[in-house]
Amino acid sequence: MVSIRSWMQADIDYVMESVKREGWGYTRRDIERCWQYEPNGCFIAEDQNKSIGHVFSICYGKMGWIGLLIVNPEKRERGVGAILMHTAISYLQRAGVETIRLEAVEKAVALYKHLGFREEFDTLRLSKQLKGKEEPEHRVGEKIFPMKEEDIENIAKFDSKYFGANRLRVLWSLYKDQPQHCFVARENQRILGYLMSRKIPNAHLIGPWVCGKPDKAEELLNAYINSMEEGKIELRLGMPVPNINGARLIEKLGFQVTRKRLRMIRGENKHQGDIAGIYGIGGSEKG
């Protein structure tokens, strides 16, 4: 008999074991942030008081997001994933969400379609090996600045046009964790774009990276690259396929596609934002 309960802080160890087993590349701090973003939207499935699966959901006003759905291998094909998803969907609907999105791995697409999700577009996972200080300095425009605390609220307002909802608490938490990896493009106090990234073992994860102009998007990335002190390092990011300018930029810069995800939507087709300005997603689990 499967039962569902909310996460507790002690469950973070179990969730970390799950994502590590799947090879998803999350750090413990990533999982802690998810729990802190929306503690009431995190759910654990149990069988005889043993954890057998989990899911995360987050509410951005009228838009919600679901991620981190994993069921223990020995408990799959028994409907546990569907139960967890129904719980997360119901939570978001009770919070007033009209539109729910997620990023699906191929093997989960059938489940999500059964639950009422439909295809929206593909997103790519990309990587590039940097040679560090062996590479020539990248050009950086004079309107690119290290991000500061006082920028965050204006950045969240700017970001909502592209993301489709205000995600201030997510941006604020990412900034607080690693402010040295965050940059903003600004002209006369007007936000033109921004880039956030975080360092993990052996790589840097870029995103969210949002900009209205391709040239400024490139300058933001160059500012970030120029700030690095390491030698050889891998850059990783996720980019929506509909961003044509983004596709041209990452090809020009030598990024390679490593895998693909499918963006899916449930409910009203609203709160789309402007995908053409999304150069790097914040993460599969939260958009």
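Helices (H or I, at least four residues) and strands (E, at least two) are DSSP runs, numbered from the N terminus. The structure is a predicted model, in which local features need pLDDT of at least 70 and side-chain atom pairs count only at pLDDT 80 or more, while totals for chains, interfaces and linings use all residues. Residues are numbered from 1 along each chain as its sequence is written, and side-chain values use heavy atoms, with hydrogens and water left out.

Glu 98 lies in the loop between helix 3 (80-94) and strand 5 (99-104). Its relative accessible area is 25%, and Glu 98 is therefore partly exposed (buried means under 20% relative accessible area, exposed over 50%, partly exposed in between, with a 1.4 Å probe and protein chains only). Contact is defined as heavy atoms within 4.5 Å. When neighbours within four places in sequence are left aside, Glu 98 is in contact with Lys 62, Arg 266, Gly 267, Glu 268, Lys 270 and His 271.

Axes are lines fitted to C-alpha atoms, for helices over the stretch in contact, and angles run from 0 to 180 degrees between N-to-C directions. The axes of helix 1 (residues 12-22) and helix 2 (residues 28-37) come within 10 Å and cross at roughly 125 degrees. Helix 1 and helix 2 are therefore oblique to each other (angles under 35 degrees count as roughly parallel, over 145 as roughly antiparallel, 65 to 115 as roughly perpendicular and the rest as oblique). Their crossing is right-handed, a crossing being left-handed if the near helix is turned anticlockwise from the far one by less than a right angle, and right-handed if clockwise. On the helix 1 side, Ile 12, Asp 13, Val 15, Met 16 and Val 19 meet Arg 28, Ile 31, Glu 32 and Trp 35 of helix 2. The residues of this contact comprise six nonpolar, no polar and three charged (Ala, Val, Leu, Ile, Met, Phe, Trp, Tyr, Cys and Pro count as nonpolar, Asp, Glu, Lys and Arg as charged, and the others, Gly among them, as polar).

The axes of helix 2 and helix 6 (residues 168-177) come within 11 Å, crossing at roughly 145 degrees, and this crossing is also right-handed. Arg 29, Arg 33 and Tyr 37 of helix 2 make the contact with Arg 169, Val 170, Ser 173, Leu 174 and Asp 177 of helix 6. Three nonpolar, one polar and four charged residues form this contact.

Strand pairing requires at least two bridges found by DSSP between the two strands. Strand 8 (residues 182-187) is largely enclosed by the rest of the structure, because five of its six residues are buried. Strand 7 (residues 144-146) is joined to strand 8 by three bridges in an antiparallel arrangement, with Phe 145 opposite Val 184. Strand 8 also runs antiparallel to strand 9 (residues 190-200), through six bridges; here Cys 182 stands opposite Met 196. Strands 8 and 9 form a hairpin with two residues between them, and Asn 188 in the turn has a positive phi of about 50 degrees.

Seven bridges connect strand 9 to strand 10 (residues 203-211), and these strands run antiparallel. Gly 193 has Cys 211 of strand 10 as its bridge partner. This pair likewise forms a hairpin with two residues between the strands, Asn 202 in the turn having a positive phi of about 75 degrees. Nine of the nine residues of strand 10 are buried, so strand 10 is largely enclosed by the rest of the structure. Strand 10 runs parallel to strand 11 (residues 233-240), joined by four bridges.
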